[in-house]
Amino acid sequence: SNHRSMTPMSTRRPWRFALLAATLLAGLLQASAGPASAEPLGTKRVNYIVKTKHGKIFVQVAHAVRGDRIIKAPAIFTYSPYSVLGVPPDQRRNSDASHWNPLGYHRVWADVVGTGNSGGCYDYGGNGEKETGAALVDWIAKQKWSTGKVAMIGGSYEGTTATATAVAEPKGLVTIVPEAAISRWYGYAFSGGIRYFLNNENPADEGFDTPLAFDFGFAVPPPHDFVEPDWAERVESTMQPCEEITHTEHGYDDTPDYSKFWRERDYLKDARKINIPVL
């Protein structure tokens, strides 16, 4: 489950992804939009700040609404670090809400802990990222507008966080659909004990961004959209010294030890904990 580049899922055949996702999600979530009505479902975006063990997380929900009323419905969730890439919020966060909302689903986006509008320390695929993803699933499942069922979808890093969340076993998670994602970070950096990047025989760009581009590319820059009154407080918490140097030292170590650092970021070894359908 290694992949050569971590880029937004919007660049990876989105129509095929949407078709595959719809096939699995429709049966598992069993959307419940209430009795049939001639009035079509629309969209209402609401921003939330969710307090977690690792920091305050920015969540944007594109709610399915009938008229002005937010309906009770399942949720489709993406946990992403890509907000810092500078794309206007409505073009990246929940950009596919126009597809999911009319079908009777809430579309949920959250900025990964320590990135974008979320506070806390970025944890490069580690326990902080896993535990925060699980906490967000639990939060979504408990909301009055939720049926208690949450699915996660996404490509590249957005798919990686789905797998990371699943191994933390949140009760409300009913399925994940990760595409072109990483399930073992060690395998993204090394092949057969040889570092992908700048090796002598077959230099490759795979693992180049492990983890330098993520720690200093996703975690340090603030997003372009300034939202909510305590935005500055959350962004300040991401800029305090976290584990960037430690991540970098491990990520570019020429010694291919499968250490505690890499075991924490190996979701394959915990795959037995994923007791839900996966596409």
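Biologist: Hi! Which residues touch the most other members in the largest nonpolar core?

Modeller: Val59, Phe77 and Trp185 do, in a core of 43 residues. Keep in mind that this is a predicted model.

Biologist: Good to know. What does Val59 touch, leaving out residues up to four places away in sequence?

Modeller: Val59 is in contact with Val46, Asn47, Tyr48 and Val50, then with Val108, Trp109 and Ala110, and also with Leu136 and Trp139.

Biologist: And which residues belong to the second core?

Modeller: That one is separate and has eight residues, including Leu29, Trp100, Ile153 and Val174.

Biologist: Let me step back a bit. How many helices and strands does the protein chain have?

Modeller: The chain has ten helices and nine strands. There are 279 residues, and 53% of them count as buried. If you take contacts between residues at least 6 apart in sequence, 75% join residues at least 24 apart.

Biologist: Now charges. How many salt bridges are there?

Modeller: The count comes to seven. As background, side chains of opposite charge can pair when their charged atoms come close.

Biologist: Which residue does Lys53 pair with?

Modeller: Lys53 forms a salt bridge with Glu131, and their closest N and O atoms are 3.7 Å apart. Lys53 is in the loop between β1 (42-52) and β2 (55-66), while Glu131 sits in helix α4 (residues 127-142), so the bridge ties together parts that are 78 residues apart in sequence.

Biologist: Are those two buried or exposed?

Modeller: Lys53 counts as exposed, at 72% relative accessibility. Glu131 is partly exposed, with a relative accessible area of 35%.

Biologist: What is the partner of Arg184?

Modeller: Asp266 is, with 3.2 Å between the closest N and O atoms of this salt bridge. The pair links distant parts of the chain, 82 residues apart: Arg184 is in the loop between β7 (173-179) and α6 (185-189), and Asp266 is in the segment after α10 (260-264).

Biologist: What other salt bridges can you point me to?

Modeller: Lys273 pairs with Asp270, the closest N and O atoms being 4.0 Å apart. In that pair Lys273 is partly exposed at 33% relative accessibility, and Asp270 is buried at 8%. There is also a network of salt bridges that links Asp123, Glu264 and Arg265.

Biologist: Changing topic: how many residues of helix α5 are buried?

Modeller: Ten of its ten residues, so helix α5 (residues 157-166) is mostly covered. Among them are Tyr157, Glu158 and Gly159, along with Thr160 and Ala166.

Biologist: I was also looking at Ala180. Where is it found?

Modeller: Ala180 is in the loop between β7 and α6. Its relative accessible area is 30%, so Ala180 is partly exposed.

Biologist: And how far apart are the C-alpha atoms of Ala180 and Gly159?

Modeller: They are separated by 7.1 Å, and the two residues are 21 residues apart along the chain. Gly159 is one of the buried residues of α5.

Biologist: Great, thanks for walking me through it!

How values were computed. Residues numbered from 1 in each chain as written. Predicted model: local features only at pLDDT ≥ 70, side-chain atom pairs only at ≥ 80, totals over all residues. Heavy atoms only, no water. Salt bridge = Lys/Arg side-chain N within 4 Å of Asp/Glu carboxyl O. Helix = DSSP H or I, 4+ residues; strand = E, 2+ residues; numbered from the N terminus. Buried < 20%, exposed > 50% of the residue type's maximum accessible area, 1.4 Å probe, protein only. Core = buried A, V, L, I, M, F, W, Y, C linked by side-chain atoms within 4.5 Å. Contact = heavy atoms within 4.5 Å.
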